[in-house]
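Dear colleague,

I am passing on the structure we spoke of, together with some notes on what was found in it. Please read the notes with the structure open beside them.

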Amino acid sequence: MDFAALMSKEIGKAKGTDSSQKAKEQQPAKKYIRRGEEEAARIAAYNEEQERLRREREERMALKRKADDEEAERRRERELKKQKLAEESRKKREEEEVVKERERRKKLGLPELPPPGSGSDKEGTPGEGEKEDDISDEELAQKFRELEEPVCLFGESHNTRLRRYRRLVQRALTPKPKLSNGPIPTTLELVPEVEMKISQTIPKDNEGRKFLFRQLASYFNMVLSEWELALAKRDLAVRQSLQGRQAYNAMAQSRDNLKPLFKKLEKYDVDDKMLEPILEIVHKAQQRRYVDANDAYLRLSIGKAAWPIGVTMVGIHERSAREKLHQSDQQAHILSDEVTRKYLQSIKRCLSFAQVRWPPDDQLQIMG
């Protein structure tokens with residue numbers, strides 16, 4: 001190909017490019033864009049962005065799952081290795097203990113240890129008297145978890161854990177004390193109504209004291225039962241009214257507040273200074289002398305201590321008989337703690353209901 005042909009070819013290419021550019025420039029530009037096209041372009045861009053985010057999220061989740069699976073596998077391997085090391089250390093420790101025990105017996109001149117399968121060694125292996133089957137460590141751990149007990153205590157061997165599990169099972173199989181029926185369930189055996197007559201003095205013997213606690217629990221359960229029955233017999237409109245709901249709440253609150261007193265009665269752990277006025281209140285309430293019972297309650301709750309009025313200390317000289325303001329035997333028991341205050345107030349509420357349920361013969365014995 002000669003030089004003239006090459007030049008003509010290049011000139012032709014240049015003319016073709018210029019003509020195409022001129023054709024493009026001659027095309028009229030769009031004066032406006034349709035709203036549908038703009039919305040379609042926006043939706044397409046949004047979908048592309050969401051698809052990109054979804055792919056990135058799936059990739060992150062896949063990486064996270066892979067990392068979690070690897071971590072779980074490493075944790076499983078560590079647990080297996082730890083169990084294996086623990087089992088080996090346990091066996092090694094038991095062998096060392098057996099060797100030490102044999103040396104000790106040899107030094108003291110005692111007979112040799114019996115073989116592991118013939119008798120009971122010092123670790124508590126079941127012998128002839130115990131026909132219990134052995135339990136593996138995994139199964140024993142699962143049983144402890146079901147009983148909500150620690151799987152292994154400090155320095156505890158397999159045999160010791162097995163004995164502890166058997167003790168827990170034996171304790172669970174022992175029958176629990178039966179609770180009595182009533183508003184406040186109690187382990188005390190309730191007495192019939194004919195035996196609820198309470199004396200005002202505290203018995204000296206232990207049996208009489210226990211019977212007295214049974215009488216108190218029976219009396220308060222009877223009063224609460226009658227109170228609950230009387231509230232249940234009301235009309236529906238009265239029960240749903242404000243006063244009706246308040247009366248039921250007072251009964252429920254009294255029942256809950258008397259539970260600490262019942263716990264003390266079950267444990268036979270009531271102080272004589274507290275028991276004596278309670279006996280006086282119940283004794284006079286059973287005789288339908290409610291005014292006298294209320295006076296006993298006031299002596300128990302408010303007390304007989306002098307209430308200081310005015311100035312108690314002037315200058316350097318004490319007031320005469322000032323020490324009587326702090327005598328412990330005249331202080332109010334209701335102010336001692338919150339629990340005591342609550343169940344003493346519940347006794348007063350039971351006393352108020354008792355005079356309505358069992359009205360006195362003498363109208364002067366009705367409390368205001």
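What share of the contacts in the protein with a separation of 6 or more comes from residues 24 or more positions apart? The figure is 62%, and I give it with the caution that this is a predicted model, so that every value below is computed from predicted coordinates.

Of its 368 residues, 26% count as buried.

Helices H3 and H4

I begin with helix H3, residues 137-146, and helix H4, residues 158-173, whose axes come within 11 Å and cross at roughly 35°. The crossing of this pair is left-handed. On the H3 side the contact involves Asp137, Leu140, Lys143 and Phe144, and these meet His158, Arg161, Leu162, Arg164, Tyr165 and Leu168 in H4. Sorted by class, the contact of H3 with H4 has five nonpolar, one polar and four charged residues.

In the loop between H3 and H4 sits serine 157, which counts as buried because its relative accessible area is 7%, under the 20% limit. Serine 157 and lysine 91 are 66 residues apart along the chain, and their C-alpha atoms are separated by 9.4 Å.

An annotation falls in this part of the chain: an unreviewed UniProt entry gives "domain: Pre-mRNA processing factor 4 (PRP4)-like" for residues 142-168. In the model, the end C-alpha atoms of residues 142-168 lie 14 Å apart, and the span is 59% helix and 0% strand.

H9 passes H10 in a left-handed crossing. The residues of H9 that take part are Met274, Pro277, Ile278, Glu280, Ile281, Lys284 and Ala285, which meet Tyr290, Asp292, Ala293, Ala296, Tyr297, Arg299 and Leu300 in H10. By class this contact has ten nonpolar, no polar and four charged residues.

H10 also pairs with helix H11, residues 338-357, and here the axes come within 11 Å and cross at roughly 170°, which makes H10 roughly antiparallel to H11. The contact is made by Tyr290, Ala293, Asn294, Tyr297 and Leu300 of H10, together with Leu344, Gln345, Lys348, Leu351, Ala354 and Gln355 of H11. By class, the contact of H10 with H11 has seven nonpolar, three polar and one charged residues.

Two residues of H11 may be worth a look on your screen. Leucine 344 has its place in helix H11 and, at 1% relative accessibility, counts as buried; leucine 344 and tyrosine 297 are 47 residues apart in sequence, and 8.2 Å apart in space from C-alpha to C-alpha. Serine 346 is likewise found in helix H11, and at 1% relative accessibility serine 346 counts as buried. With what is serine 346 in contact, leaving aside its neighbours within four places in sequence? The partners are Gln253, Ser254, Asn257 and Leu258.

Is tyrosine 268 buried, partly exposed or exposed? At 35% relative accessibility, tyrosine 268 counts as partly exposed.

With a relative accessible area of 33%, arginine 288 is partly exposed.

With kind regards

Note on methods: Residues are numbered from 1 along each chain as its sequence is written. This is a predicted model: local features need pLDDT of at least 70, side-chain atom pairs count only at pLDDT 80 or more; totals for chains, interfaces and linings use all residues. Side-chain values use heavy atoms; hydrogens and water are left out. A crossing is left-handed if the near helix is turned anticlockwise from the far one by less than a right angle, and right-handed if clockwise. Helices (H or I, at least four residues) and strands (E, at least two) are DSSP runs, numbered from the N terminus. Contact means heavy atoms within 4.5 Å. Ala, Val, Leu, Ile, Met, Phe, Trp, Tyr, Cys and Pro count as nonpolar, Asp, Glu, Lys and Arg as charged, and the others, Gly among them, as polar. UniProt positions are given in the numbering used here, feature names are shortened, and annotations may be inferred rather than shown by experiment. Buried means under 20% relative accessible area, exposed over 50%, partly exposed in between (1.4 Å probe, protein chains only). Axes are lines fitted to C-alpha atoms, for helices over the stretch in contact, and angles run from 0 to 180 degrees between N-to-C directions. Angles under 35 degrees count as roughly parallel, over 145 as roughly antiparallel, 65 to 115 as roughly perpendicular and the rest as oblique.
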